[in-house]
Amino acid sequence: MFITFEGIDGSGKSTQLQLLAETLREAGKKVLLTREPGGSALAENLRKVLLESNVSAQAELLLFGAARAQHVAEVIKPALADGAIVLSDRFADSSLAYQGGGLNLPTDFIQAMNQFACADLQPELTFLLDIDPLAGNKRQQLNHQKPDTIESRGLGFLERVRQAYLQIALRDSQRVIIIDASRPAESVQCDIHNALQQRGVL
Ligand code: TYD
């Protein structure tokens, strides 16, 4: 089973992913926790380039696509074939939300790129951790996280990203579950567990 977590920076995805991986492992499941951009040697190198240097919007999108293709082929598909539950911190929806919503690049091209990169792989379930950008930003400051190139694009950018995510969730309501991430971590965790119990995963 392939499950992804999405949301703007500061939505608490990483904390929830760690908690869920622990819970699933305690329940005796084989779990692979991975992230985008990243998860393979090529993708980790691309991650550095993407987050630290000044690349054009078009190049940025294609690099995320390249990283995704490698991640799918080298990490996600083999783990699924091995019977693991794969949890990914970000996946294809991030490109639609950030490069599509945030940077206004054409959505139809991004969809085609994602299809090409993912080779028919789609998450069965996606948790969208929804939070107001200002609240997300405060949370990041509390955690003393330094903003990278993409995060430092500002609140207006993140608001467009958030709206794009919400539209994806509306279009694909079977797959995407919106979780109010402004609440304490325990409440968010509880909603995630309930959703997984309903689907027989937990
Ligand atoms: P990361 O440090 O992993 O941020 P977070 O902890 O919030 O996930 O950096 C990933 C950044 O890359 C994040 O700002 C979102 C952005 N991103 C895109 O713009 N497009 C994409 O396709 C992906 C996968 C990530």
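Okay, some housekeeping before we start. Residues are numbered from 1 along each chain as its sequence is written, and side-chain values use heavy atoms, with hydrogens and water left out. Since the model is predicted, local features need pLDDT of at least 70 and side-chain atom pairs count only at pLDDT 80 or more, while totals for chains, interfaces and linings use all residues.

Let's start with the sheet. Strands here are DSSP E runs of at least two residues, helices are H or I runs of at least four, and both are numbered from the N terminus; two strands pair if DSSP finds at least two bridges between them. Take β2 and β3: they pair in the parallel sense over 5 bridges, and V31 stands opposite I85 in β3.

Now, what packs on this sheet? Touching means heavy atoms within 4.5 Å.

Which residues of α1 are buried? K13, Q16, L17, L20, A21, T23 and L24. They sit on the same side of α1, because they cover an arc of only 165 degrees around the axis, taken from the directions from the helix axis to the C-beta atoms. Buried, by the way, is under 20% relative accessible area, exposed is over 50%, and partly exposed is in between, with a 1.4 Å probe and protein chains only. The cover over those buried residues includes β1 (2–6), β2, β3 (85–89), β4 and α8 (185–198). Just after α1, G28 takes a positive phi of about 85 degrees.

Most residues other than glycine have a negative phi, and most peptide bonds are trans. The bond from E36 to P37, though, is cis, with omega near -10 degrees, and P37 lies in the loop between β2 (31–35) and α2 (41–52). Then there's A119, with phi near 45 degrees, and D120, with phi near 75 degrees. A119 is in the loop between α5 (107–118) and β4 (125–130), and D120 is found in the loop between α5 and β4. Buried or exposed, what is D120? Exposed, at 78% relative accessible area, whereas A119 counts as partly exposed at 38%.
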